[in-house]
Amino acid sequence: MNLLNDPLVEKALQIAIALIVALVGWRLSRYAGGAAARLIERRHGDLLLAGFLRSVVAIVGFVAVVLAALQLAGLPITSFVALLGAAGLAVGLALKDSLGQLASGVMLMVLRPFHGGETIRVGEHEGVVERVGLFQTLLRTGDNRLVTLPNTVLTAQPVTNFSRCETRRIDIALTLAPGSNVGASAAAIEAILQRDPDVRQIPAPSVQATGFSDVGLALIVQAWVNAP
């Protein structure tokens, strides 16, 4: 009797081959995700996009491998895909917030309002962007705390990027005591700004009076500097 012609043996071989394909394909999908991430890092130096791409490629590759393994095992793929679609709809309704975060993560990768290492402010949170994941973004604050924000927060609120522009204006509020010589004080401040190598002279720094208060004359000093 030829065992290879036995339906049970043939089915067992199909299942074994499907399991091997699933295992190898799973490892290959992870390798492909890592390779794509390394390519992005070398060409663009963008760690955020690299990490995001690694996750997406690995997940898409894993789903494709599972479908291929099921087909090799002799299971009806059409019925499985239909079942998967129905299950996906039910899960999508139950996890609509998580799917919204996933969609927001994709939008952040496409629109690129910030890059890794840039300093941003979102609502009351301010820090350096450490990582953008499929669902969450990680910030490191100035006092070395890690803040995890849902991606929906970053797409629903204004994001202030402190690092994108090369120059920034610094505004300093001062108050002159009553009886002070306003002209001499303003000239002394302007002289300090002109000597400071970190202050850009174009646009020129300025000292302006903004009004009186109980403690004296209010001044605003404005100077342009390089962002770092």
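1. A residue counts as buried when its relative accessible area is under 20%. Glu 118 has a relative accessibility of 11%, so Glu 118 is buried. The model discussed here is predicted.

2. Glu 118 sits in the loop that runs between α4 (96-111) and β1 (119-122). Its side chain has a partner: a polar contact of 3.2 Å links Glu 118 to the side chain of Arg 164. With neighbours within four places in sequence left aside, the contacts of Glu 118 are Gly 127, Val 128, Val 129, Asn 161, Ser 163 and Arg 164.

3. Overall make-up. The protein has six helices and nine strands. Of its 228 residues, 27% are buried. The accessible surface is about 14800 Å², and carbon and sulfur atoms hold 63% of that surface. Among contacts with a separation of 6 or more, 57% are between residues 24 or more positions apart.

4. Sheet order. An open sheet of five strands has the order β4-β3-β2-β1-β5, with antiparallel pairing. Its edge strands are β4 and β5 (159-161), each of which pairs on one side only. On average, neighbouring strands of this sheet are turned by 40 degrees against each other, direction ignored. As background, strands of a sheet pair through backbone hydrogen bonds, in either a parallel or an antiparallel sense.

5. Strand β1 and its two partners. β1 and β2 run antiparallel and are joined by four bridges. Two of the bridge partners can be named: Arg 121 goes with Glu 126 in β2, and Thr 119 goes with Val 128 in β2. The hairpin of β1 and β2 has two residues between the strands, and Gly 123 in this hairpin takes a positive phi near 65 degrees. With β5, β1 forms three bridges, also in the antiparallel sense. Here Ile 120 stands opposite Asn 161 in β5; Asn 161 is also one of the residues in contact with Glu 118.

6. Which residues of β1 point to the buried face? The side chains alternate along the strand: Ile 120 and Val 122 point to one face and are buried.

7. β2 (residues 125-132) pairs with β3 (residues 136-140) over four bridges in the antiparallel sense. The hairpin that joins β2 to β3 has three residues, and Arg 131 has Leu 138 in β3 as its bridge partner. β3 and β4 (residues 146-150) run antiparallel and are joined by five bridges, with Gln 136 bridging to Pro 150 in β4. Five residues lie between the strands in the hairpin of β3 and β4, where Asn 144 takes a positive phi near 65 degrees.

8. Thr 137 deserves a separate entry. This residue is found in strand β3. Is Thr 137 buried or exposed? Its relative accessible area is 0%, so Thr 137 is buried. The side chain of Thr 137 makes a polar contact of 2.7 Å with the side chain of Asn 151. Leaving aside neighbours within four places in sequence, Thr 137 is in contact with Leu 108, Arg 131, Val 132, Val 147, Thr 148, Leu 149, Asn 151 and Leu 154. The C-alpha atoms of Thr 137 and Pro 150 are separated by 6.3 Å, with the two residues 13 apart along the chain.

9. Nonpolar cores. The largest nonpolar core has 11 residues: Leu 176, Ala 186, Ile 189, Leu 193, Val 199, Val 207, Leu 217, Leu 219, Val 221, Ala 223 and Val 225. At least two residues of this core come from each of α6 (182-195) and β9 (216-226). β9 supplies five residues, the largest share. Apart from this core lies another, of 10 residues, which include Val 122, Val 129, Val 132 and Leu 154.

10. Links between the points above. Val 207, a member of the largest nonpolar core, is in contact with Ala 186, Ile 189, Glu 190, Leu 219, Ile 220 and Val 221 when neighbours within four places in sequence are left aside. In the other core, Val 132 and Leu 154 are members, and both are in contact with Thr 137. Val 129 also belongs to that core of 10 residues, and Val 129 is in contact with Glu 118.

Definitions and conventions: Residues numbered from 1 in each chain as written. Predicted model: local features only at pLDDT ≥ 70, side-chain atom pairs only at ≥ 80, totals over all residues. Heavy atoms only, no water. Buried < 20%, exposed > 50% of the residue type's maximum accessible area, 1.4 Å probe, protein only. Polar contact = N/O pair within 3.5 Å; in protein donor to acceptor, adjacent residues only side chain to side chain. Contact = heavy atoms within 4.5 Å. Pairing = 2+ DSSP bridges. Core = buried A, V, L, I, M, F, W, Y, C linked by side-chain atoms within 4.5 Å. Areas by Shrake-Rupley, 256 points an atom, 1.4 Å probe, with all protein chains shown as cover. Axes fitted to C-alpha atoms, helices over the stretch in contact; angles between N-to-C directions.
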